[in-house]
Amino acid sequence: MNAFKKVLQLNPLRCFSQYSKAPAGTNFVSANEALKRTLNSGNTVFIQGAAATPVPLVKAMTAVAKEARLKDIKVCHIHTEGPAPYSHKDYEGIFRTYSFFIGANVRKGIAEGHADSVPIFLSQIPSLFHKKIFQPSISLIQVSAPDRHGFCSLGTSVDCVPAALMHSKTIIAQVNEKMPRTFGDTVIHQSQIDYAVELDCPIVQHERKAPSEAEKEIGKLIAENLVEDGATLQMGIGSIPDAVLSALKGHKHLGIHSEMFSDGVVDLVKCGAITNSEKSMHKGKIIGSFLMGSQKLYDFVHDNPSIEMLAVDHVNDTDIISKQTKMTAINSCISVDLSGQVNADSIGTRMYSGFGGQLDFIYGAAIAADKKGKPIIALESTTKTGESKIVPYLKEGAGVVTTRGHVRYVVTEHGIADLFGKSLQQRSYALINIAHPKHREALTKAAFERFKVMPSP
């Protein structure tokens, strides 16, 4: 492995695409040593997220802070993987967490008030750093091993990382031979890393779960009715996106422009359905900002020049999205009310996730320059306990992520509701028709009570 050395003074502009000469000598340190030298009370710490979460560095941060009896440390990140003890009650007063998108590891802490979340569109998260709302004292990241020129790659997670690093006083990197090397806004030279921690361990994986029969039907409905040949796709991770992708193997010339993607994309590339040949921008390239999946996905993206991982303020820019060919955005949610309001970030008052990129892409597809964009919200008609996800009203405290003015297509296993241009009376009729049959009578009565008119096409 090429040399790393602590750099005491770095270019404050931190231009990650500009070549800088590597320093001579080698100076690796342990995770604990790196944090002991740098972490202080009152610091702000940024953590790279998703599959690139530097779990050993996070563990060291919490241990060092507790042992040194530090206090008032801000921790900020998009969703991370692995344990997040800094969000627990035991660390109250030491850490205060600010999640830009809530992962499962911090939900309990947020629900109990020991941690917090920041409601924000994914496209705007880099602005939090550029506007100095969050000014990282330390950034904890995970990178690939350096190449022969001394350049490392941010690998699976770019998203807001370049913006955070640009404004960080200290960068501590876990250098991992197993981190795939990706192209795009991923490059960081070894001389720009203050402390390097050499730890080779498997990248966090997200194994695919078999879709339910309802999810398979949703995938089939979307693939057969809403996705055209030559479409540019955005979709997230989970059973519904996987079901859609599985149903697209007969399509041609599909492209990918998505804040994230997973294993399903690999299968469509291999069968020839995804070629990116008809994209209006980044032709021939899969564009993402972060990715998460199995080792198959990580092997696929490693050193693959047909994939570019770009900063999220570019990928999720609604102007950029609107210029994509036949932009088809497929997103899921928790519930939809009879007026078309889409709840996707909370279950009642309990915060569950965040805005993410849903509205970035829903709106970008809706204003598509070629007038062929399709913004899609997909969900099973009922919860695991049989409650309807098409509801008369959203639960008290439930957050509206996609407004009734932005929503267009809503898809369940029972059909497709096109809500664009429809009145409240017409919307309620369309949504009731894709609800589970056992709930339709109650929903019809609720619609009359709410809108004072019977649902009608």
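Predicted model: local features only at pLDDT ≥ 70, side-chain atom pairs only at ≥ 80, totals over all residues.
1. Ser139 sits in strand E5, which covers residues 138-143. Leaving aside residues up to four places away in sequence, Ser139 touches Phe46, Ala164, Leu165, Ser168, Thr170, Ile171 and Ile172.

2. Next, have a look at Asp72 in the loop that links helix H2 (55-67) to strand E2 (73-77). Its phi is near 55 degrees, a positive value in a residue other than glycine. Most residues other than glycine have a negative phi. With 55% relative accessibility, Asp72 counts as exposed.

3. His253 also deserves a glance: its phi is near 60 degrees, which is positive in a residue other than glycine. His253 belongs to the loop between helix H7 (239-246) and strand E12 (255-256). Is His253 buried or partly exposed? Its relative accessibility of 34% makes it partly exposed.

4. Now to strand E22, residues 374-378, where five of five residues are buried. Lys374, Ile376 and Ala378 lie on one side, Pro375 and Ile377 on the other, and both faces are covered.

5. Which strands pair with E22? Strand E17 (residues 327-332) pairs with E22 in the parallel sense over five bridges, and Thr328 has Lys374 as its bridge partner in E22. Strand E25 (residues 409-412) runs parallel to E22 and is joined to it by three bridges; here the partner of Ile376 is Tyr409.

How values were computed: Residues numbered from 1 in each chain as written. Heavy atoms only, no water. Helix = DSSP H or I, 4+ residues; strand = E, 2+ residues; numbered from the N terminus. Contact = heavy atoms within 4.5 Å. Buried < 20%, exposed > 50% of the residue type's maximum accessible area, 1.4 Å probe, protein only. Pairing = 2+ DSSP bridges.
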